[in-house]
Amino acid sequence: MLKKSRFNYVAKGVDGYLIYNNLYNSLSRMSDDEYVQYKALNFQSEDLQSQFEQQGFLVDEDVNEIGVFNAYSKLKSQRMNPVPSITVTPTMECNARCFYCYEDGVRHGRMKKEYAERIVDFIKTLDASRGVFITWFGGEPLMNQEWMDYFADLLRAEEIKFSAFMISNGSKINENVVKKMKEDWNISSIQITFDGDCDEYVKRKNYMDQDESVFLQMIQRIKMLSDGGISVQIRLNIDKKNVESILSLVKRLQQLFYSSEKISYYPAFLTGNADFLTEREKVDVIKAIMAVDENKFHINNYLYKPPKVSACYYNQKNAFSIDVSGNVFICERALGHNEKAVGNLNQNFDFAFKERELSGLRPECQNCPFLPKCHGGCKASYEGNDIPCYIDKYIIKAYLESI
Amino acid sequence: MDTIISANDLVGLVSEVGKGSSPEVCEKKVGDMIESQIVKEKETQNAQKV
């Protein structure tokens, strides 16, 4: 006897039905008649049934798929040995006043110089023989470039190889900064958030030190980064009230950067405020963005993604975030919240070697076909009563409905 | 039915080890597959370096 795989997701596409399996990454198009047969598990030909089996859409009734997936996740996460990943916050200060910032109300301030030495001491206790991955975060990290220079020089002096990523609002970028990003801070990729086109962007970022020309300057900065060889991931923060403006922005970006392989974007749905989008609206917004520019979505990255064996850095050994008080966290969303720290740079570093629990796996995840794509999603969102699901499922749903 | 993307290697593994295997056998076979994946990934990385 056969049963449907618990990882199947079926959508009505523009020409028939699409069936995608989130564990086996298989995708097929069914005619209306084939869909009826699949739905009833009653196939008119052995050949058709065999195709469903080969694609993993049908499995033997006594196969325990979730058991194998759990074993795969556990063993793979044990055997993976990623380089240490350290998120540092040169400053928790920021020149933007985004209403949705999850760091709102936490302690602001700048990283002390001596913490650079302590972070290097900390890294030395981890296995950094293959290097270390640094995420420059904040606040707005570029508001304390002096500390970034000092820390990067220190890593080099200690012969600790590092590569880096930056999360920034981008407002402090100029030609000189792009040069330093590449040559001094080893940044190959940066995430910059956009909250809409022109006026909406200016209104939502609410900068303390930028005038209304900031939006056009930001477009120039993206070009500057891309020309400088740095990949730019544009995060589109979306809620009910800025959908139209986001679509206008995407049209603009498509016209300006269509041929640039260094620029990509992805939607991020704002939660925790009254204007959040429903699950259905999220899919529809992505479909609308795809209709303007599918090219920059890199859909294959989602469809071919191997099963996620852990949700995020929270579950990854050797991954830590450090704030300006020297507090160490295993979740970057906890930065600035002293009570959530697992340790402090002023202590010994025993806390670094504690085994980590799996995050996010809620009872409803056990029945979700998208589980292999997110492994439970964001624990911090879940604990804050927000929707923890990652973007993958919305993008896959939107794509299947669009083809 | 039109195949757009063919299933990955996991489809064979799950049907083989998920059916009536004891948890120990299941873990052993999954572990072997992961080892071979890791070897393949390293080979690909080395080839890219060359």
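Predicted model: local features only at pLDDT ≥ 70, side-chain atom pairs only at ≥ 80, totals over all residues.
## How much the chains bury

The size of an interface is often given as the accessible area lost when the parts come together.

Over on chain B, Met1(B), Ile5(B) and Val14(B) lose the most area to chain A. Together, these three make up 31% of what the chain B side buries.

## Who touches whom

How many residues are in contact here? On chain B there are 26, and they meet 34 residues of chain A.

Three elements of chain B each bring at least two residues to the side that touches chain A: strand E1 (2-5), helix H1 (10-17) and helix H2 (23-49). H2(B) gives the largest share, with 9 residues. Sorted by class, that side of chain B has 13 nonpolar, 8 polar and 5 charged residues.

## Polar links

So what about salt bridges? Between chain B and chain A the count is 0. Polar contacts do turn up, though: 9 residue pairs, both partners at pLDDT 80 or more, are in polar contact between the two chains.

## A strand from each chain

The two chains also pair up strand to strand. Strand E4 (residues 26-30) of chain A runs antiparallel to E1(B), and the pairing covers 3 bridges.

Definitions and conventions: Residues numbered from 1 in each chain as written. Chains lettered and ligands numbered in written order. Heavy atoms only, no water. Contact = heavy atoms within 4.5 Å. Buried area = accessible area lost by both parts, 1.4 Å probe. Salt bridge = Lys/Arg side-chain N within 4 Å of Asp/Glu carboxyl O. Polar contact = N/O pair within 3.5 Å; in protein donor to acceptor, adjacent residues only side chain to side chain. Helix = DSSP H or I, 4+ residues; strand = E, 2+ residues; numbered from the N terminus. Nonpolar A, V, L, I, M, F, W, Y, C, P; charged D, E, K, R; others polar. Pairing = 2+ DSSP bridges.
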